[in-house]
Amino acid sequence: MVAIPEDTAHMSRVSNKITVELASRIKIITLVVVLSMTMSSVAQTVVADSVPQRKKVALVLSGGGAFGAIHVGAIKVLEEAGMPVDMVVGTSMGSIVGGLFSVGYNSDDIATMLRQMDWGELFLDGGDTSHMTLRERDEKGTYIYKRYFYVRGNVDPNPGGLLRGENIDKAFERYLYGYTDSINFLTDLPRKFACVATDLNTDDEVVLTNGSLVKSLRSSMSIPGVFTPVPIGDKQLVDGGTKNNFAADVARRLGADIVIGVKFDRQLDEIKSYRRIIDVLERTGGSDVSRRSRKNEDYCDLVIRVPVRGFSSGSFSSHALDTLMARGEKATRMRMDRIMSLKAQAVGDSIRDYSVHLRNLDSLRQILHEPKGLNHNHKPNTLEAAVGLRFDNEELMAAQFGARYFLAGNHNKELDLTLRLGRRSMLRIGYEMESASFKRFGANYEIWYKNSDFYTRGRRSDNFSYLHQRANVKLFSLDIVNFDLEIGAGWDHFHHFKGLSSDYSEMRFLPNEHYFNYHARLRYSNENNHYFTTRGVRAEAMYEYCTDNFASWKGHSGFGAFTAMFRATLPLSSTTHIQPQIQGRLLFGDDLPVMAGNVVGGMSFGKYMPQQLPLAGLGHAEFFKSKFVSASLRLQQCLKGRHYLVVEGSVAEQNDDLKHLFDDDVLWGANVGYFYNSGIVGPLGAVIGWNSHGRRVNFLVSLGFDF
């Protein structure tokens with residue numbers, strides 16, 4: 001026997017002990033793993049038993065412009081029935097409703113959105129006024145159409161369409177917050193979503209399931225020739241309704257087990273004659289699409305047809321939308337038995353709530369904030385052209401054309417040209433540059449030819465033609481959303497042609513007169529609409545110091561002019577608003593030139609003369625005394641939809657001595673008017689008024705923006 005050293009024996013005992021302990025631990029770990037796998041399997045079985053795999057349900061929504069409102073009523077009934085909707089496939093207007101539904105809005109919220117949207121404004125360009133500078137708002141209240149062009153070999157930003165869809169993009173970005181980046185619509189939304197567009201390059205149907213949700217919705221409803229095609233990748237996309245207006249086949253390809261389709265029914269067989277152009281276009285414009293739409297009904301387990309007789313695809317009035325939503329709800333309720341049968345197939349006996357309502361309009365208001373600063377960055381070598389038209393019983397017709405060219409370079413520089421044609425004709429040329437954020441410098445020159453009637457205490461006393469030249473230099477201008485400040489210098493020159501004056505004329509016009517001015521002007525406005533304001537405040541103040549040689553006026557100190565205005569819009573109800581306003585212009589100095597005097601009358605600021613102030617009931621222009629103030633109260637009642645009743649009353653005081661401004665009798669007047677807000681071409685209205693100063697009834701009928 002060989003003797004084992006003591007150290008070796010000790011090591012052997014330690015090794016055996018480690019081996020035993022390791023084996024024991026391996027057994028324990030193995031047991032834990034087995035138990036864990038067993039429990040996981042049991043848990044999965046329990047979950048599978050409690051929530052069984054169910055059939056996937058798709059909702060297919062057809063296109064059709066305003067007819068898309070029927071989908072909101074249908075969704076309302078499906079929600080009440082507890083019908084699970086896993087996927088939405090939409091075309092054109094159906095894609096808009098479907099996209100909102102897919103991100104988590106319910107039928108009530110979507111209905112509210114449709115009612116609140118200004119559809120006439122939505123289908124225009126120009127953006128939300130809350131994102132605009134005051135200059136851009138002035139232009140929005142002047143021009144009925146704008147178009148952008150790229151020059152020097154760049155690509156036209158308006159290819160193949162009249163409108164760029166700016167306002168639609170803004171609305172989608174607002175309502176689809178949180179889903180405006182590039183995403184997968186089949187995995188990143190609360191409900192799977194797909195929409196259909198048409199590629200102009202290949203004339204093929206395109207099913208959009210990823211990318212920008214905003215751009216996808218815009219492309220699906222981009223009416224050819226009206227809206228510019230939407231570029232996505234190498235495709236140029238327009239309205240999917242030109243290829244597949246009822247995409248039930250797409251829902252099947254994407255894996256839907258149960259398909260419920262909602263589509264409008266014009267009841268064509270009941271129309272005996274086609275007297276309206278819209279009926280003819282809708283009947284003949286898409287025969288192939290109509291045949292495919294009927295064929296795609298074979299892919300559906302349920303087709304809900306909603307009658308739309310009496311309306312067209314352009315019926316976006318509040319009454320039309322409410323009626324179409326109600327018809328969609330009624331038609332869907334009539335198929336409730338079939339809906340409940342499909343629900344039983346989809347979810348069995350489960351009572352689980354499959355609804356998806358993750359957002360509402362209240363949360364939208366809480367998250368979004370008012371924009372800060374400028375947000376319109378024009379690309380260099382871009383030309384912006386615009387046109388405005390107006391008709392009224394004073395001037396008959398006026399047209400205005402505007403063009404702005406944005407130059408390339410380190411600073412934002414632009415040239416602008418404006419031409420107005422009418423009884424008051426004007427040409428303006430200007431140049432501006434932005435040296436730093438919001439800070440602008442520039443100069444402009446304009447020349448007016450005017451043929452004007454002026455009154456003396458309500459009686460027409462003077463008629464004459466004259467040229468008015470103005471030059472202005474912006475030494476400093478701060479241009480921010482809702483606010484601008486300008487400090488500068490200017491020159492005014494008047495050349496009067498031979499005119500006619502009555503015996504009671506008090507005006508003594510010189511053949512030529514001119515003066516220079518140094519001025520500071522401050523403006524603020526957060527009003528939401530220039531013509532039919534429902535919220536906001538507007539305030540302006542301007543001071544001018546005028547001379548004939550840059551230092552004095554006729555050998556003594558120059559004369560000054562201070563102008564101020566403030567108004568606020570206050571709601572009395574959702575349809576009734578009041579607008580108190582105060583305004584005035586005070587002249588200080590001796591030997592004042594006639595054409596720098598206070599001109600009062602008319603319905604809008606600066607219509608007859610740059611310094612002219614409106615006064616309720618006084619329909620003509622008249623020179624008042626050197627100190628003038630007025631206060632007014634306007635009541636605006638929305639009668640229905642876009643129809644408005646406007647009542648305005650005012651009081652005013654005038655005097656040449658500021659201390660005795662309120663000593664004379666108060667002047668008072670009133671207007672009553674009806675307006676229709678067409679949105680596209682401007683207001684259509686008729687106003688009748690009377691003022692104690694003129695003591696005569698005046699009447700104005702007009703169509704278009706005021707400029």
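In this predicted model, in which local features need pLDDT of at least 70, side-chain atom pairs count only at pLDDT 80 or more, and totals for chains, interfaces and linings use all residues, the side chains of Glu 329 and Lys 76 meet in a salt bridge (3.6 Å, N to O). Glu 329 belongs to helix α12 (residues 318-333) and Lys 76 to helix α2 (residues 70-81), so this pair ties together parts that are 253 residues apart in sequence. Residues are numbered from 1 along each chain as its sequence is written, and side-chain values use heavy atoms, with hydrogens and water left out.

**The chain as a whole**

- The protein chain has 14 helices and 32 strands, these being DSSP runs numbered from the N terminus (helices are H or I with at least four residues, strands are E with at least two).
- Of the 707 residues in the protein chain, 47% are buried, where buried means under 20% relative accessible area, exposed over 50%, and partly exposed in between (1.4 Å probe, protein chains only).
- Among contacts in the protein chain with a separation of 6 or more, 63% are between residues 24 or more positions apart, a contact meaning heavy atoms within 4.5 Å.

**Salt bridges**

- Side chains of opposite charge can pair when their charged atoms come close.
- A search of the whole structure finds 41 salt bridges, each defined by a side-chain nitrogen of Lys or Arg within 4 Å of a carboxyl oxygen of Asp or Glu.
- Lys 76, the partner of Glu 329, counts as partly exposed at 28% relative accessibility.
- Glu 446 and Arg 428 join their side chains in a salt bridge (2.8 Å, N to O); Glu 446 lies in strand β18 (residues 439-456) and Arg 428 in strand β17 (residues 424-436), so the pair ties together parts that are 18 residues apart in sequence.
- Within that pair, Glu 446 is buried at 8% relative accessibility, whereas Arg 428 is partly exposed, with a relative accessible area of 24%.
- A network of salt bridges links Arg 135, Glu 139, Lys 146, Glu 384, Arg 404, Glu 414, Asp 416, Glu 432, Glu 434, Arg 440 and Lys 474.

**Asn 244 and its surroundings**

- Asn 244 is found in the loop between β11 (235-239) and α9 (248-253), and its relative accessible area of 0% makes it buried.
- The side chain of Asn 244 makes a polar contact with the side chain of Glu 205 (3.4 Å); such a contact is a pair of N or O atoms within 3.5 Å, and within protein one must be able to donate a hydrogen and the other to accept it, while residues adjacent in sequence count only if both atoms are side-chain atoms.
- Leaving aside residues up to four places away in sequence, Asn 244 touches Thr 91, Val 196, Glu 205, Asp 249, Val 250, Arg 292 and Asn 296.
- Two of these neighbours, Arg 292 and Asp 249, form a salt bridge in which the closest N and O atoms are 2.9 Å apart; Arg 292 lies in helix α11 (residues 287-296) and Asp 249 in helix α9, so the pair ties together parts that are 43 residues apart in sequence.
- Arg 292 is partly exposed at 26% relative accessibility, whereas Asp 249 is buried at 7%.

**Contact of α2 with α3**

- Residues His 71, Val 72, Ile 75 and Glu 79 in α2 meet Gly 94, Val 97 and Phe 101 in α3.
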